[in-house]
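Please find below a colleague's note on the model under discussion.

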Amino acid sequence: MLLMIWVRLLWLTYPNACSCFFASRLYFTSIGKFFPRNHLSVESEIFYPSADGQPVAETYDHLYALLTTLEVLQQYLANSQATVLGNQFIYYAQGFPKLRVAPDVIVIFDVAPGGRDNYKIWEEGQVPTVIFEMTSFGTKGQDEIFKKTLYEQLGVKEYWLFDPKGEWVEQQLRGYRLRGEIYEPIQDGCSEPLQLRLVVEGRLIGFYREDTGEKLLIPNELAEALRQEVLARQQAEELVEQERQRAEHAELQIEQLKARLRSPLALAQPSLNVDPDTIQ
């Protein structure tokens, strides 16, 4: 089954003379890819583009959902042995640069952190762990059939479809988890690899830690939280300063009272016969 899917993908890209070429020059590796037996001699001559000139997203809502998800997950995994990429080519067949896909958000574990211009599975040694697609009615067939089948065969552990405009996905969010070699619908709204609970929040995905329930703040929420933190610190500092000034004023009043009690006029009045040094 896996072999037939790969052959169909290659056939659609290279319809001429595929039959004899596939039979004699390609073989399947342990991470699920094909490449020519003489790839070492020709690989340096193959160009793998990092862009195709196409828009990053279909609408503003799709772009906002993509960028927000990308930023939230990058912050969440900042100290992990992982990378989070956005709308970048994944090449899954060495020697065939037309066999590529550009998921909206890609999470890959057990690789060096940081960005890449593109991602070649045979170089990194890891397939993506979790993929998000910001889908629409116009991309429904591509996202639900072709990409789902491709990601399933590549071994992507989880595949999430988010429909920010609510055009075709029921409740806007749908997830699949790999069981064996087949995707099964995710029923609990949780991502096992990410250890996060996913919640639809308007036209964005909200991410919550499963261990603490804490929400992963999106950029504008982070900015507001920082503003509130700065404001609270300023208010605390103002209270400390007010208390310091009040204490200084009280101390000044005490010293002034002591000075008056030590004055000749005060000493001449028996009713004011108070030892100034006992006043605190």
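Is Arg-203 buried, exposed or partly exposed? Arg-203 is partly exposed, with a relative accessible area of 43%; buried means under 20% relative accessible area, exposed over 50%, and partly exposed in between, with a 1.4 Å probe and protein chains only.

1. Basis of the note. This is a predicted model, in which local features need pLDDT of at least 70 and side-chain atom pairs count only at pLDDT 80 or more, while totals for chains, interfaces and linings use all residues. Residues are numbered from 1 along each chain as its sequence is written, and side-chain values use heavy atoms, with hydrogens and water left out.

2. Arg-203 pairs with Asp-61 through a salt bridge of 2.2 Å, N to O (a side-chain nitrogen of Lys or Arg within 4 Å of a carboxyl oxygen of Asp or Glu). The two residues are 142 apart, with Asp-61 in helix H4 and Arg-203 in the loop between E13 and strand E14 (204-209). Helices (H or I, at least four residues) and strands (E, at least two) are DSSP runs numbered from the N terminus. Asp-61 counts as buried because its relative accessibility is 14%.

3. Other salt bridges. The structure holds 16 salt bridges. Glu-158, Arg-177, Arg-179, Asp-188 and Glu-192 are linked in a network of them. Glu-221 and Lys-215 also meet, at 2.8 Å, N to O; Glu-221 is partly exposed, at 25% relative accessible area.

4. Helix H6. The 15 residues of H6 (residues 140-154) should span 21 Å at 1.5 Å a residue, and the end C-alpha atoms are 20 Å apart, which agrees; the expected span is 1.5 Å times one less than the number of residues. Just after the helix, Gly-155 takes a positive phi of about 95°.

5. A pair within H6. Asp-143 forms a salt bridge with Lys-147, with the closest N and O atoms 3.8 Å apart. Because they are four residues apart in the helix, about one helical turn separates Asp-143 and Lys-147. Both partners are buried: Asp-143 has a relative accessible area of 3%, and Lys-147 one of 11%. Other buried residues of H6 include Leu-150 and Tyr-151.

6. Most residues other than glycine have a negative phi. Asp-110, however, has a positive phi of about 60°; Asp-110 lies in the loop between E6 and E7 and is exposed, at 56% relative accessible area. Gln-195 has a positive phi near 55°, sits in the loop between strand E12 (190-191) and E13, and counts as exposed at 52%.

7. Surroundings of Leu-198. Leu-198, in strand E13 (residues 196-201), is buried, with a relative accessible area of 6%. Among the residues that Leu-198 touches, not counting those up to four places away in sequence, are Phe-132, Trp-160, Leu-173 and Ile-205; contact means heavy atoms within 4.5 Å. The C-alpha atoms of Leu-198 and Tyr-208, 10 residues apart along the chain, are separated by 6.6 Å.

8. Ala-112. This residue is found in the loop between strand E6 (105-109) and strand E7 (119-120) and is partly exposed, at 44%. Ala-112 touches Gln-81 and Thr-83, not counting residues up to four places away in sequence.
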